[in-house]
Amino acid sequence: MRASKASTGLTLREATSDDVPVLLPLLAELGYPTDNAGLKRRLDALLADDGALVLVAEEGGHILGLASMQVMSLIEREPLARLSAIVVAASHRGAGVGRALMERVESEARARGCERLELTSARRRADAHAFYSSLGFEPASQRFLKSLAGHGE
């Protein structure tokens, strides 16, 4: 995939393993602090997955945001794209970086044959909810989650 430029001079491109050190503080801002080795392992797995896409938004050589999407094949309907993460550096929120990332994710999802794009967001993220609503997302279902850590070993 090639990089693309938004009208603001923002470049959107696929992430690489070299981006790991810069992505660490972004993920911490999102509420998911991690270490270099853990992030590199997870990013490398996504980069090797044809159904996954990890984008970074870059301006002037500085990464300002990231978005991660996976395509899920479903038995009951056409493929679904799932936005698993999006974050923009606090210093650049409200400047169109998140919107540019979301537009690119949506375009990629359509190009990959997906009929829907879903995301989940913690109840406490009111600003994110307003952003998603402005992009046409609507609340659609209840999410259930079970931790598997430490079970079945």
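Biologist: Which residues touch the most other members of the largest nonpolar core?

Modeller: In this predicted model, they are Leu10, Leu83, Val97, Leu101 and Val105, out of 21 residues in that core. Strand E3 (52-59), E4, E5, H3 and E6 each supply at least two residues, and H3 gives the most, with 6.

Biologist: What makes a set of residues a nonpolar core?

Modeller: The set is called a nonpolar core because its members are buried residues of kinds such as Ala, Val, Leu and Met, joined through side-chain atoms within 4.5 Å. As for valine 105, its contacts include Leu55, Ala67, Met69, Leu83 and Leu117, leaving out residues up to four places away in sequence. There is also a second, separate core of 16 residues, with Val20, Leu24, Leu26 and Val56 among them.

Biologist: Which residues is glycine 9 in contact with, leaving aside its neighbours within four places in sequence?

Modeller: Those are Glu58 and Glu59. Glycine 9 and glutamate 59 are 50 residues apart in sequence, while their C-alpha atoms are 6.5 Å apart in space.

Biologist: Now for the strands. How do you know that E3 and E4 pair?

Modeller: Pairing takes at least two bridges. E3 and E4 are joined by 8 bridges, so they pair, and they run antiparallel. One example is alanine 52, whose bridge partner in E4 is glutamine 70. The two strands form a hairpin with 2 residues between them, and glycine 60 in the turn has a positive phi of about 60 degrees.

Biologist: What does glutamine 70 pair with in E5?

Modeller: Its bridge partner there is arginine 82. Strand E4 (residues 62-72) and E5 run antiparallel, joined by 8 bridges.

Biologist: In which sense do E5 and strand E6 pair?

Modeller: Strand E6 (residues 116-119) pairs with E5 in the parallel sense, over 4 bridges. Leucine 80 has arginine 116 as its bridge partner in E6. With helix H3 (residues 97-111), E5 and E6 make a right-handed β-α-β unit.

Biologist: What makes E5 mostly covered?

Modeller: In strand E5 (residues 80-88), 8 of its 9 residues are buried. Buried means under 20% relative accessible area, so E5 is described as mostly covered. E4 is mostly covered too, with 8 of its 11 residues buried.

Terms used
Residues numbered from 1 in each chain as written. Predicted model: local features only at pLDDT ≥ 70, side-chain atom pairs only at ≥ 80, totals over all residues. Heavy atoms only, no water. Buried < 20%, exposed > 50% of the residue type's maximum accessible area, 1.4 Å probe, protein only. Right-handed = clockwise from strand over helix to strand, strands pointing away. Contact = heavy atoms within 4.5 Å.
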